[in-house]
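Let's take a walk through a protein chain together. Have a look at the sequence and the 3D view, and then we'll go through it piece by piece.

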Amino acid sequence: MYSIIANLGSGKGAGKRCLDAVEKVFQEKNIEYRTFCTSERGSGKAIAERLCKEGVSTVIAIGGDGTFHEVLNGMDFAKARLALVPAGRGNDYAAGAGISFNPKEAIQSVIRGAVEDRDYIQLLPNSANESGGKRCLNVCGTGLDVEVLKLTEQKQGTYIASLAKLLLNYRPYTVQVNVDGFTKEYKCIMAAFCNGSQFGGGIRICPPAKNADGKMDLMIIKQPRVPTIAVMPAFVAGRHIGRDWVEHIVCDRAKIVALDADNIEIDGEIYAESVLDAQIVKGGFKTFAVR
């Protein structure tokens with residue numbers, strides 16, 4: 001029996017439409033399933049934890065990247081696999097992973113049963129901070145992206161529109177990065193760890209990133225010499241790799257410390273802290289082959 005965790009409020013109604021489509025496929029094929037709906041922040045994680053303790057073998061998450069983040073953090077991958085049906089506004093992880101936005105097509109990966117192991121980023125405990133021990137499926141970082149997420153949530157607009165507005169009056173952020181035992185400070189727009197290639201509803205932050213290569217990509221978008229707004233088209237389109245205002249480091253483990261900011265984001269969820277100590281977990285995400 002399959003267990004579905006659905007966020008009906010995701011994607012301005014897409015969550016409900018996707019759940020209906022998946023349930024219809026299961027009913028037509030006489031496949032047994034149970035559905036659990038999230039009710040508040042954190043409930044996706046709690047439901048996944050409970051289901052894994054009950055001994056389920058397959059969990060299906062329906063929602064956006066925030067829902068996937070919650071469910072991922074409740075999974076016991078020694079017991080169960082996790083399938084994803086995208087139903088958010090951006091669906092950035094799904095886009096990078098090649099998961100179909102059509103729920104009937106996305107659920108076929110479960111029905112076919114071909115398994116696949118992908119990576120996730122593990123945030124390491126550094127204090128009593130809430131993010132310590134969290135898993136990241138797609139992108140986590142600090143800097144302007146946090147402010148953009150806040151404004152997007154407040155105004156119910158797009159990430160790119162909020163980014164353009166904030167770029168007119170922002171100040172560079174100072175971050176300290178430690179990778180391979182070497183520490184360096186940067187004045188930057190943002191710094192992030194990437195397991196996926198895009199975020200923010202289609203911004204291609206790290207086109208080379210792969211979610212099953214056993215590595216994570218550290219992206220530092222530095223303060224450019226020209227007005228920052230002038231480099232944003234290249235950044236949004238993913239044409240920034242190799243530019244003098246970008247540092248791209250492929251690594252297994254690294255740490256970002258925000259020296260003058262007090263928020264980070266993990267898969268679009270904001271946490272009130274300033275340290276991201278991360279390492280890649282190779283093959284830790286037990287899922288299904290999308291093709």
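Which residues of helix 9 are buried? In this predicted model, the buried residues of helix 9, which runs over residues 228-237, are T228, V231, M232, A234 and F235. Those buried residues pack against helix 8 (159-167), strand 9 and strand 10. Just after helix 9 comes G238, with a positive phi of about 80 degrees.

**The whole chain**

Now let's zoom out. The chain has nine helices and 15 strands. Its radius of gyration is 19 Å, close to the 19 Å that the globule rule gives for 291 residues, so the chain is as compact as a globular protein of that length. If you follow the C-alpha trace along its principal axes, it spans about 60 × 35 × 35 Å.

How much of the chain is tucked away? Of the 291 residues, 54% are buried. Take the contacts with a separation of 6 or more: 70% of them are accounted for by residues 24 or more positions apart. The accessible surface of the chain is about 12400 Å², and 49% of that belongs to carbon and sulfur atoms. As for charge, there are 36 positive and 33 negative side chains, and the centres of the two sets lie 3 Å apart.

Pick out I62 in the viewer and look around it. Setting aside neighbours within four places in sequence, I62 is in contact with I4, I5, A6, N7, G15, C18, L19, V22, T67, F68, V85 and A87.

Ten of its ten residues are buried, so helix 3 is largely enclosed by the rest of the structure. Among these buried residues are F68, V71 and L72, but also D65, H69, E70 and N73.

| Residue | Relative accessibility | Class |
|---|---|---|
| R118 | 2% | buried |
| A209 | 8% | buried |
| I241 | 33% | partly exposed |
| K12 | 65% | exposed |
| D180 | 70% | exposed |

Where does R118 sit? R118 lies in strand 5, residues 115-123. Not counting residues up to four places away in sequence, R118 touches Y93, A97, I99, N211, A212, V281, G283, G284, F285, T287, F288 and V290. The C-alpha atoms of R118 and R225, 107 residues apart along the chain, are separated by 38 Å.

A209 is found in the loop between strand 9 (182-194) and strand 10 (216-222). Leaving out residues up to four places away in sequence, A209 touches C194, N195, G196, S197 and D217. Its C-alpha atom and that of C37, 172 residues apart along the chain, are separated by 32 Å.

I241 sits in the loop between helix 9 and strand 11 (246-251). Beyond its neighbours within four places in sequence, I241 is in contact with P207, P208, M219 and H248. I241 and D267 are 26 residues apart in sequence and 22 Å apart in space, C-alpha to C-alpha.

Finally, back to backbone angles. K12, in the loop between strand 1 and helix 1, has a phi near 50 degrees, a positive value in a residue other than glycine. D180, in the loop between strand 8 (173-179) and strand 9, has a positive phi too, near 55 degrees.

Technical notes:
Residues are numbered from 1 along each chain as its sequence is written. Side-chain values use heavy atoms; hydrogens and water are left out. Contact means heavy atoms within 4.5 Å. Helices (H or I, at least four residues) and strands (E, at least two) are DSSP runs, numbered from the N terminus. The radius of gyration is taken over C-alpha atoms; the globule rule is 2.2 Å times the number of residues to the power 0.38. Buried means under 20% relative accessible area, exposed over 50%, partly exposed in between (1.4 Å probe, protein chains only). Accessible areas come from the Shrake-Rupley method with a 1.4 Å probe; for residues, only the protein chains shown count as cover. Lys and Arg count as positive and Asp and Glu as negative; His and the chain ends are not counted. The place of a charge is taken as NZ of Lys, CZ of Arg, CG of Asp or CD of Glu.
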